[in-house]
Amino acid sequence: MYSMNLDPAALVLSALCLVYILTTSRREQYVPPKGLKAQLLSQHYIFMVLLIINILSTAASVGSVHLMENPHEGTDVLLYFLLEVYFLLHTTLTMLFVLYVMNVNGTAIGRKRRFYCFFILPYAVGILAIITNPLTRLIFYVDEGMLYQRGILMPALYCLASIYVLTGLFFFIRYQRAIPRADRVAICSVVVLSVVGVVIQAIRPDILTELFAESLTILGFMVMLEDRTGVTDQTTQVFNRRAFLDASRRYMETEVPFSILLVKLMELDRIIRLFDSRDVDSLLVDVARWLETVTDRENIFRFGQEDFALTFVGRRQGEAEEAARHTLRRFAEPWMAEEAEVLLEATVSVIRVPEDVDSLSMLQDLLLWGYQDTPPGSLLIGHEELTALKRKLAVYDALRRALDKRTLQVWYQPIWSSESNTIVSAEALSRLFDEQLGFIPPDEFIPVAERTGMIHELGAFAFQEVCRVLSAYDLRGKGIRYLEVNLSLYQLLREGVLEKLEQYRAAYGVEASQINLEITESVSSYDTPGVQELLQQMRASGYTFSLDDYGTGYSNMTRLIEGNYTNVKIDKSLLWEAEKNPSNARLLRNMIRIIRGLDMNVVQEGVETKEQLDRVVKAGSNLVQGYYFSRPLREADFIAFLDSWDPLTLMDEPAEDES
Ligand code: C2E
Ligand code: MG
Ligand code: MG
């Protein structure tokens, strides 16, 4: 009767799949989500249902074929029943197939209820036709010889299946970027296999290939898409970083809004030092298990050593924020490690996509190092802080672009000598103009550069620019004795910095005495072994130094005396404070006097008015820098400024705005 029957093989194959998936460790890893909606959106859950339905429908098919081939063993009622079951399950299978693929690429997520109503409609029609078939005999019937025959509406059932396949295909192509290429290839190849099986059987009803092809497809899904070991964090059994990025990409590509509740454990290394690694692991497991009380495991990811992310798909920002507060309350309580109570510090925040972050790379950057500066203690990152973090990331990108394209600029702010009434030097100041962000002040991008290590590149760039300018113009002839370059302490901490500077200088044929390096000292740097020796070596090479921003932060007298600085630059804030009351004024005067007494030059920064100039010159400041003389100028403007400098035309008003 059937020239080829692959149904029994299909049954064995899918049964093996089920055994495999239930017996491997993956079973422990999978905790089915709670609630129908969550289950409909769980790829793995749908897969399991798909697998079971496939087994049942194959079994029904095998049974009915057996009855047809051995009519004496059963009744036509039994055969009819088995065929009914087969058609019901098999129609369900087609619909689930498509739902599964739509879950893999994320297009099933975040759809409106209306979508699902439409989606279920052809299925409902099909099911209705099958249920009423005993009366209508439109789909199939059993003839007198106890043989199954196709009814006139059978082609309609195939059409119905095609609607699903086409829907799946549409979403698959429309959102193909939502899933990695390898997954796309996997889905394509196994689905094609199914279609071939179905087509063969449609054309040649005596060859039963459909179910076998479908079982092979399911096997393919299992091997290629359902292996969760690669996407599971082995310690905590929640999803790992890769899964998190895959999921985020999927949501972003399919334009599904979602909120990420980020739980960043701070100072985990402190805990690691206190306990052995097994205890730390069990602590992390405790945290993961607790997070499962907040949301389903399917939505929990551990994407870094100390970072967990919980996703709330759809517009569920309120829910995510409530969960954040709840989580923070939990972290106020101790956890147990080796029978000891430990407090874990966590930074908790909610990131909304696409409102807060609109690209995968931005999300990654934010998660990677955006939170490094947050203060100790458990805290909730609010919207304002998140905005500040994002700004930092944008500044980072802008600086990266500027360094890559070499569009960073160096401007020069003249420094005036009260002794000669001429411009004797200038400070080189980096300027960043970004196409998107506009002018970004150094106070913003220098800390970002220091934080991310770009300061080395930036410092090298500024230093080379200064060398270039020194070699391009006869600045000595214009009265300039040296140019001042800011040197970050981070630059001093990197090995080989002096050699690098020497190379650049040599390349432009500039003397070390033409360059003065400005450094701002901090307590930590002063105590860092090697820094003082390095400064000594640099002095020996001919560089001179300015102590920048004196009077703020860490400056102290001993440092001043031991430091061997040529210039001390008094911070502008001190000058501005001095104008407010007499005791501050006295402090400034005495400070200038002491520094001058130690045979160092005083450079007063931030002089904007004639009164300020008079005040500091009277107090003994021999060098002055400030808007009163000039704002920082572009290279060409700076040269023009020097050429046109007329000591008699000291202005009363500050110079024009630089940007
Ligand atoms: P700084 O080294 O203390 O530079 C002096 C700052 O005071 C400059 O700010 C300058 O524009 C500003 N200034 C000068 N005169 C006046 C004045 O009369 N009134 C006011 N309100 N401000 C005045 P800028 O250029 O914004 O730079 C800020 C800081 O960024 C610098 O402070 C320096 O620490 C850092 N920086 C700038 N360029 C570089 C660089 O190439 N490398 C490094 N490591 N740091 C840099
Ligand atoms: Mg400076
Ligand atoms: Mg300064």
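A: In this predicted model, the crossing of H20 and H22 is right-handed, a term used if the near helix is turned clockwise from the far one by less than a right angle, left-handed being the anticlockwise case. Helix H20 covers residues 497–508 and helix H22 residues 531–540, where helices are DSSP runs (H or I) of at least four residues and strands (E) of at least two, numbered from the N terminus. Their axes lie 10 Å apart, at an angle of about 25°, the axes being lines fitted to C-alpha atoms over the stretch in contact, with angles from 0 to 180 degrees between N-to-C directions. H20 and H22 are therefore roughly parallel, as angles under 35 degrees count. Where they meet (heavy atoms within 4.5 Å), Val497, Leu498 and Leu501 of H20 touch Leu534, Gln537 and Met538 of H22. This contact of H20 with H22 is made up of five nonpolar residues, one polar and no charged, with Val, Leu and Met among the nonpolar kinds.

As for the metal site, Asp548 bridges the magnesium ion (ligand 3) and the magnesium ion (ligand 2), which are 4.1 Å apart. Along the chain, the donors of ligand 3 (N, O and S atoms within 2.8 Å of the metal, or 3.2 Å for Na, K and Ca) follow the spacing D-D-x55-E.

Residues are numbered from 1 along each chain as its sequence is written, while chains are lettered from A and ligands numbered from 1 in the order in which they are written. Local features need pLDDT of at least 70, side-chain atom pairs count only at pLDDT 80 or more, totals for chains, interfaces and linings use all residues, and side-chain values use heavy atoms, leaving out hydrogens and water.

Definitions and conventions. Angles under 35 degrees count as roughly parallel, over 145 as roughly antiparallel, 65 to 115 as roughly perpendicular and the rest as oblique.
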